[in-house]
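Hi,

Here is the structure I promised to pass on. Please open it alongside the notes below.

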Amino acid sequence: MKRTKLTTAASLLMAAAIAVPMMAVPQMQEVTNAAEILKYEFEDGATEGGTIYTEGWAGNTAEDGTGEDFDLTNFSGTGFSYVDQKGTTVSVTVEVPEAGLYEMNICYAEPYDPNKKVQYLNINGVNQGEVSFKHNLTFTETSGGVVNLKEGQNTIELKAYWGYTFFDYLTLQPADESLTNLTPTRQLSNPNASDSTKRLYNYLCDVYGEHVLAGQQEYCGSHNYNSWNDPDTYIKDNEAEFEYILEKTGEQPAIRGIDFLAYNTTSDWRDQAPERCIEWVNEYGGIATVSWHWNVPTEEGSTETAFYVESTGNTPFTTFSVTNAVTEGTWEHELILKDIELIAGELQKLEDADVPILWRPLHEAEGAWFWWGAEGPEACKKLYRLLYDQLTNVYGLDNLIWQWTGYTYETSADWYPGDDVVDMVGYDKYNAVDGLPNLSSISSTFYSLVQSTDGEKMVAMTENDSIPSLENLVNDKAAWLYFCPWYMNYLTSEQNNPVENLVEIYQSDYCITLDELPDLKTYPITEGDVQPEETTESSEETSDTADADEVVYGDVNEDGSVSIADVLTLNKNLMIGEELTAASSRNADVDLDGKPTSADALNILKYTVKIIAELPVK
């Protein structure tokens, strides 16, 4: 439970309003009755600003015939749709027999861009992430990911981001029910991981799917303005975001995002980022996630550094070649080995201080705006695996939980470095548009990422603009391990994060804040894929037998208290049939009608947010 509650009467009423759809609509129930693939033609749908064609044609991508030949005559149905300028849309209304997760495929043609086009995916008017359409010259099916649909009619819309794509049809079929069984492996990729690293990882496994951890990226760079008068304190001048959160919510994030962008051998500028990691973990009791915007020379021999490439329009930019960097005998290869040696020394400071971290190098590679992703997946994967081997096997660092931040595009699997060198999967969400916040849980993106590793890896929102609302996270069961807004206006602007939403999520029992973290230096270690000792079957049976006559109404998860976690446990039982123990069922039946129901879940929720003073036990 939270130490303090600043919840207003208005937000309490909002919580009650949230409860009704959460109980009444089993949105996460797996689809079992759909016996066939459902197909919907885009020409039968609608468009805003786009075009619907009833005839196909063959042509060339260049007016003078020097481009590529394409053929749009193999469409199905009576036609197809087209989006061009940013903001134009095509949509279809689909009807599904049950609420739940569906695999979506989209038939499209994208002849004009030799790389790819990316469009926004909106479900029932809410953005759920993006879909990528790689270059092709005739209508071809591609995966549109996993989408969460309500029973009956739903609107699926593709909104032009990069535009210039033709759409023929989409298909839907029930997704594998295993997607909702969030049981990631408990084995880290490094078999020699330190005890503290295992303890942190086990804690994350234990809360995954039950809670979301609050995170916040600090304002990176050198901001230690007062280091001269307080040289032994490092967390003091990068605190604008953390002070803002404390002022607005009364809480602090459990996870601090820190960037090692100042650490390379080309420059001698340093900003005490490793020292802040140590202080945050050892003195504040928090969790540190560390990214590395890897600065390299803008060109050979230069003392100026950059991580962006020229195509981004950023200055300075670098011409540094990642292909050369993983090729022995090149100046780039020599430089990255020196940089890795330097970064290993900084990470060693953390290991010496018994500080494990979530380590997030080479992030957003597929976007191709950073040098490490600018030359395709093969060179990037070689660099990642080289970095893993050097830090783990050459320098013997055992305090790193390795994160890969990727996407859900058709091509994303080509970029994935491999299960043997990745412990966790992340996604960087930036989808607030038109000056408005986007509080969607992007559940379609979440479950597509879960699917990408067959559920073996936990999935986190490693960067974001808007924090998803509590209502959307709970109702959509989008079980992101944590969120972590980028700094400055990405957090503080109302067009990204309305204060009301920030307060609601931080003060909810679903969200874990700094004061709610356990002592991670002593947290129990569970090897393999079994559950922690306190939740094993034998201990449940013992508890069930010993306390058979004791009923704690509302305590569905049997943790000794009544909180929103009990609402989530009961909802999970009602939605996907997760089994309750006999004691849990008795505790859940707060209206004593003989069985746990959505009415019980609603009453427990009202009780936890103090809309009602006591449970309606007869």
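**What turned up**

The largest nonpolar core has 129 residues. Within this core, Leu213, Phe260, Trp359, Trp371 and Leu391 have the most contacts. Helix H7 supplies the largest share of the core, 8 residues. Keep in mind that the model is predicted.

Now Phe260. Setting aside neighbours within four places in sequence, Phe260 is in contact with Ala273, Pro274, Cys277, Val290, Ser291, Trp292, Ile343, Glu346, Leu347 and Trp359.

Next, Glu346, which sits in helix H6. Is Glu346 buried or exposed? Its relative accessible area is 11%. The cut-off for buried is under 20%, so Glu346 counts as buried. Not counting residues up to four places away in sequence, Glu346 touches Phe260, Tyr263 and Pro274.

Then the helix pair. H6 covers residues 331–352 and H7 covers residues 377–394. They pack at an angle of about 45°, with their axes 10 Å apart. H6 and H7 are therefore oblique to each other. Their crossing is right-handed.

Which residues of H6 meet H7? From H6 come His333, Ile336, Leu337, Ile340, Ile343, Ala344 and Leu347. From H7 come Leu383, Leu386, Leu387, Gln390 and Leu391. The residues of this contact divide into 10 nonpolar and 2 polar, with no charged ones.

Two residues link these notes. Ile343 and Leu347 of H6 meet H7, and both are in contact with Phe260.

Best wishes

Notes: Residues numbered from 1 in each chain as written. Predicted model: local features only at pLDDT ≥ 70, side-chain atom pairs only at ≥ 80, totals over all residues. Heavy atoms only, no water. Axes fitted to C-alpha atoms, helices over the stretch in contact; angles between N-to-C directions. Helix = DSSP H or I, 4+ residues; strand = E, 2+ residues; numbered from the N terminus. Parallel < 35°, antiparallel > 145°, perpendicular 65-115°, else oblique. Left-handed = near helix turned anticlockwise from the far one by under 90°. Contact = heavy atoms within 4.5 Å. Nonpolar A, V, L, I, M, F, W, Y, C, P; charged D, E, K, R; others polar. Core = buried A, V, L, I, M, F, W, Y, C linked by side-chain atoms within 4.5 Å. Buried < 20%, exposed > 50% of the residue type's maximum accessible area, 1.4 Å probe, protein only.
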